[in-house]
Amino acid sequence: MTYRYITTPIYYVNDRPHLGHAYASVHADIMARYLRAAGHQVMLLTGADEHGEKIARAAQQAGEAPAAFAERHARTFEDAWRRLSVEPDRFVRTTAPAHARVVSDCLTRLFEAGEIYLSDYEGLYSVGQERFVTEKELVDGKLAEDKEPPVLRREPNYFFRMEAHRQWMRELVLDTPGLIQPVQYRNEILKLLEEPIGDLSISRPADRLSWGIPIPWDAGHVTYVWFDALLSYVSPLGYPDDPAYRHFWPAVRHVIGKDILRTHTLFWLSMTHALGIAPYQRLHVSGHLLGADGRKMSKSLGNGVDPLEAAQTYGVDALRYTLIREVSFGFDGIISHAVIEQRLNRDLADDLGNLAARTLAMVTKYRGGIVPAPHDYEAREQALIARAAQLPALVLALVDEMKLGRAAESVMEFVSQLNVYVANSAPWTLAKDPDASGRLDTVLYTVLEALSAVANLLSPVMPGKMQALRALLGMAPAPGWEVRWGDAVKPGTRISEGILFPKRADAG
Ligand code: MSP
């Protein structure tokens, strides 16, 4: 049994999820589904990052207690994932007592080991990013991703000796080329690690911020939100003693956005090293989604697409497909209503949906809706059969590198090949010739069986629609993987007609 652990970022629950959140979660979910289909024992984790100033402020503005506010929004996130077909195995909440226990234990251990000390801190603090920032990072007095400039703060903080782990981290990143992907982010971190990174402030005075996990030996301070949140990757596994932790760690892939790259490298790697936790296996770093205006999608700019509305309008599977196809993981890219509609109409309705609809209609018309048995395969069928056999391994290799768009693209190229095959084989002409009856059977069967392979290969991306396709093909409801040619669609089975992807005509 091989174990794979996949995590999304643990989201700040100060609002409803937006498309940027959906982008990370959908990628993680699709990877989890592929690995599960390939036979791995998979755990997918997502969750709610409920502590910190950001949440405390948002709660105050809403006139609610932080706990009630965070609880309400955590549920909104859980519900949103359900509606986007993101199916986590665990949903961690940083307010859960089991999580708080792990955080307290880790702090105590590090304090006793001399990894934590008290000192005065003066610096610029970004509430938006929940971290102290350096002058170098500021453009026009603020961080690019923040609305407000950072504030100057002088206060006693506990510090974690992060700098002491810098050389180790540098060697780890140098020795493990695949640790941070894609490579541009690895390079960015290697550059940062060449210079001193300083120690990490890991507490806030409780009289300023009480919404957090108390520092176990000093009630005057609460734990810094990132120190708390990063440990939520191990606390739901029952760290340090539970078998789940032993199985799933460190076979982990963290899926994150580029704005939280530093915290997931400098902070998290040094923390794990100090705690004796093996470093994660891989960090998959995404770029940012941009609105139709080419600027980073955000609520304040109003240039975003609401993921739940989009799922309602275009169908959840068309949205999932667009997210992975349209913006290559690791790079920035635009997602707008027009883009989703185009993907739905062209790729899904015209190419895949139409292939299925035409084929099923021909089986109904020429063979009474019953799957015919194939006769002799010619070279063109042999080529398709060979391609269908290669695709599962090819797709998995791309998935392993989080190149989900390329994986889906390779399946869609196969769909195009099938469309060409149907056009060239002209079943409608064969149907007029009684001597070509065997040939017609073979052509129809070939497309049906190839469509069943497509249904399996795209099921992790579009679980609902591909299940519907399997049902139309008269296949077993559960998806298969690496199915032998001839084993999926059985001659003599009844198929049904149906439209998988209704086209949308009202661009807007
Ligand atoms: N709570 C922290 C993560 C802690 S992980 C231990 C956090 N939360 S967040 O809700 O602000 O952001 C979560 C993720 O959403 C980040 O990976 C971020 O990159 C991603 N996105 C937010 N806006 C985005 C886009 N416009 N595009 C793509 N992803 C973006 O940070």
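So, E130 is buried, with a relative accessible area of 1%. We call E130 buried because that value falls under 20% relative accessible area. Keep in mind that we are looking at a predicted model here.

Now look at the backbone. Phi of E130 is near 55°, which is a positive value in a residue other than glycine. Why point that out? Most residues other than glycine have a negative phi.

Let's turn to S85. What is phi of S85 near? The answer is 60°, again a positive value in a residue other than glycine. S85 belongs to the loop between α3 (66-83) and β3 (90-93). Is S85 buried or exposed? S85 is buried, as its relative accessible area is 17%, and the cut-off for buried is under 20%.

Next, peptide bonds. Most of them are trans. With that in mind, please find Q181 and P182 in the structure. The bond running from Q181 to P182 is cis, and its omega is near -10°.

Then move along to Y239 and P240. The peptide bond from Y239 to P240 is cis as well, with omega near 5°. Which elements does the loop with P240 lie between? They are α7 (225-230) and α8 (243-248).

To recap, phi is positive at S85 and at E130, while the bonds from Q181 to P182 and from Y239 to P240 are cis.

Note on methods. Residues numbered from 1 in each chain as written. Predicted model: local features only at pLDDT ≥ 70, side-chain atom pairs only at ≥ 80, totals over all residues. Heavy atoms only, no water. Helix = DSSP H or I, 4+ residues; strand = E, 2+ residues; numbered from the N terminus. Buried < 20%, exposed > 50% of the residue type's maximum accessible area, 1.4 Å probe, protein only.
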